[in-house]
Amino acid sequence: MREKITVKTLQERKELGQKITMLTAYDYPTAQLIDRAGIDVILVGDSLGMVVLGYEDTLAVTLDDIIYHSKAVARGVKESLVVSDMPFMSYKIDDISKTVQNAGRIIKETGVGAVKLEGGSEISEEVKAVVQAGIPVMGHLGLTPQSVNQFGGFKVQAREVEARKKLLEDVLVLEKAGVFAVVLECIPADLAKEVTERISIPTIGIGAGNACDGQVLVTQDMLGLFSNFRPKFVRRYAELDTDISLAISKYKNDVKQGEFPKVEESF
């Protein structure tokens, strides 16, 4: 049995040059499988809105949705660090105390180890307040899905000089505010490399090249369970949509033809 993964473990990984692994989970059995495989971090992402709940984006996901799914994931995990997304409009609000309260609800009601917030300098005071409350915070820069309407869709970010400069400034502000790691999503690989080299905390890339300290993918994407769209950065390690469809068709045919259940499968 490996040791329980903590925020400190991830920092040690960066300092030792050991890559960090991260996947999403939204339910108990998937969390068990990922944990048993030795993945370092499990993210209960607001991506559940798209790959589990069928929304077009992440904006409809509620705090109660995150708490519900985080409870299930936390029950299935023994060693991985579980991080839960703070969903749209549970922060970036005028009342910082409400942000802390919402983060506290996630931690207290689910048993996860940290929360993740999207954004840069504009959320630095909220990050500080949550960290000061004793709650570890993971940052998220680049393509931040909760800001998809501002970006005009899911597009690569920080290509232009000013945008690159802004991202570098933001990551330094987040580091100072106390985040223990930062996700870099859909930014140029050379920029992700520069960020990784400039900050002391771990970077977790998704569509940001291989120079980051770790990588994250949505589990449904990498297993081939979600086919509504397929980003360039997703590598499919299985085609479970095909396997599951075949299994369901086989079951249907066996039932219709009286092949299931057989005598030995009956009481």
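## Close-up views of a predicted model

**View 1. Strand 5 and strand 6 side by side.** Strand 5 and strand 6 (residues 181-185) run parallel, and 5 bridges join them. Two strands count as paired if DSSP finds at least two bridges between them. Helices (H or I, at least four residues) and strands (E, at least two) are DSSP runs, numbered from the N terminus. Look for Leu141: its bridge partner in strand 6 is Leu184. Strand 5 spans residues 137-142 and is mostly covered, with 6 of its 6 residues buried. Buried means under 20% relative accessible area; exposed means over 50%, and partly exposed lies in between (1.4 Å probe, protein chains only). This is a predicted model: local features need pLDDT of at least 70, side-chain atom pairs count only at pLDDT 80 or more, and totals for chains, interfaces and linings use all residues. Residues are numbered from 1 along each chain as its sequence is written, and side-chain values use heavy atoms, leaving out hydrogens and water.

**View 2. From strand 4 over helix 6 to strand 5.** Strand 4 (residues 114-116) pairs with strand 5 in the parallel sense, over 2 bridges. Val115 stands opposite Val137 in strand 5. Together with helix 6 (residues 124-132), the two strands make a right-handed β-α-β unit. Right-handed means that, with the strands pointing away from the viewer, the path from the first strand over the helix to the second runs clockwise.

**View 3. Helix 6 and its cover.** Which residues of helix 6 are buried? They are Ser124, Glu126, Val127, Ala129 and Val130. Their cover includes helix 5 (96-110), strand 4, strand 5 and helix 8 (161-177). Just after helix 6, Gly134 takes a positive phi of about 90 degrees.

**View 4. Val115 and the nonpolar cores.** The largest nonpolar core has 52 residues, and Val115 and Leu184 have the most contacts inside it. Helix 8 gives the most to this core, with 5 residues. A nonpolar core is a set of buried Ala, Val, Leu, Ile, Met, Phe, Trp, Tyr and Cys residues joined through side-chain atoms within 4.5 Å. A second, separate core of 16 residues includes Ile5, Met138, Ala181 and Ile204. Not counting residues up to four places away in sequence, Val115 touches residues including Val83, Ile107, Val130 and Val137. Contact means heavy atoms within 4.5 Å.

**View 5. Lys14 in helix 1.** Lys14 lies in helix 1 (residues 7-16). Is Lys14 buried or exposed? Lys14 is buried, because its relative accessible area is 15%. Leaving aside neighbours within four places in sequence, Lys14 is in contact with Thr196, Ile199, Ser200, Ile201, Pro202 and Asp213.
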